[in-house]
Amino acid sequence: MLKMMNVCKSYDGKQYALHDISLHIARGEFVFLVGPSGAGKSTFIKLLFREIKPDRGSIFVNGVDIVALTNDEVPGLRRRLGIVFQDYRLLPDRTVFENVAFAMRVTEAPNKLIKPRVMKVLDYVGLADKASCKSTELSGGEQQRVAIARAIVNDPKLIIADEPTGNLDPNTAMEIMNIFESIRERGATIIMATHSQEIVNAMGKRVIAIEHGQIVRDERRGRYGYEE
Ligand code: ADP
């Protein structure tokens, strides 16, 4: 699902934010990316959806060489991914329904398919009854569930999440993680950067630790491994 070979990235030609990263993530894996602040986690995540390009090295997402994509092809890549951020990034003046439907409209999905599909994913994240609320009327945990519904509405094979529980209390964070795990059980691959020791240790998934831009640990059923 993801193959990186010898990926290097620096900003402004300065020190490497990521240095010589090579890894393989198989379909259906759930992978945590951990490491201290400034280690390179966000840089890693941004490379996956072509927010940035590496200086060197190759990145294949589901067999597609994403470094070679033209700028015109990048929106197509992003529509095939599910991306979830710490700060939800919902459209504040739109309803919950519209926030999720928007992600389908940009794929030019036929109107008659949009409503049933959006309601299905809202039901899946437990928010069908909030479909007509404005996103700003929801709690943080609910907003993140809308963002997850939006991320999965087009049925992506790869979900990328950057600190998705960073603004949530521990119980809500666990509920969100249970949704991610259920999405993985349905066949998606999940790559998640997180600072949450509690979550990483509770989930028992693959852990890739980055420090100073390099992979220092890659363990199946790993633990967080840093003091908070
Ligand atoms: P993390 O997500 O693990 O906190 P980042 O990927 O954000 O780490 O940062 C890795 C390194 O790259 C840090 O030294 C950071 O200061 C630097 N960096 C990140 N983004 C930029 C940028 N846009 N311009 C310059 N330096 C950056």
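In helix H5, the buried residues are Gly141, Glu142, Gln143, Gln144, Arg145, Val146, Ala147, Ile148, Ala149, Arg150, Ala151 and Ile152. Buried means under 20% relative accessible area, exposed over 50%, and partly exposed in between, with a 1.4 Å probe and protein chains only. Helices (H or I, at least four residues) and strands (E, at least two) are DSSP runs, numbered from the N terminus.

This is a predicted model, where local features need pLDDT of at least 70 and side-chain atom pairs count only at pLDDT 80 or more, while totals for chains, interfaces and linings use all residues. Residues are numbered from 1 along each chain as its sequence is written, and side-chain values use heavy atoms, with hydrogens and water left out.

Back to H5. Twelve of its 13 residues are buried, so H5 is largely enclosed by the rest of the structure. What do the buried residues of H5 pack against? They pack against strands E6 (81–85) and E7 (158–162), and against helices H3 (96–105), H4 (111–124) and H6 (170–185). Contact here means heavy atoms within 4.5 Å.

Now the whole chain. It has seven helices and ten strands. Of its 228 residues, 52% count as buried. Among contacts with a separation of 6 or more, 67% come from residues 24 or more positions apart. The C-alpha atoms fill a box of roughly 45 × 40 × 30 Å, taken along the principal axes.
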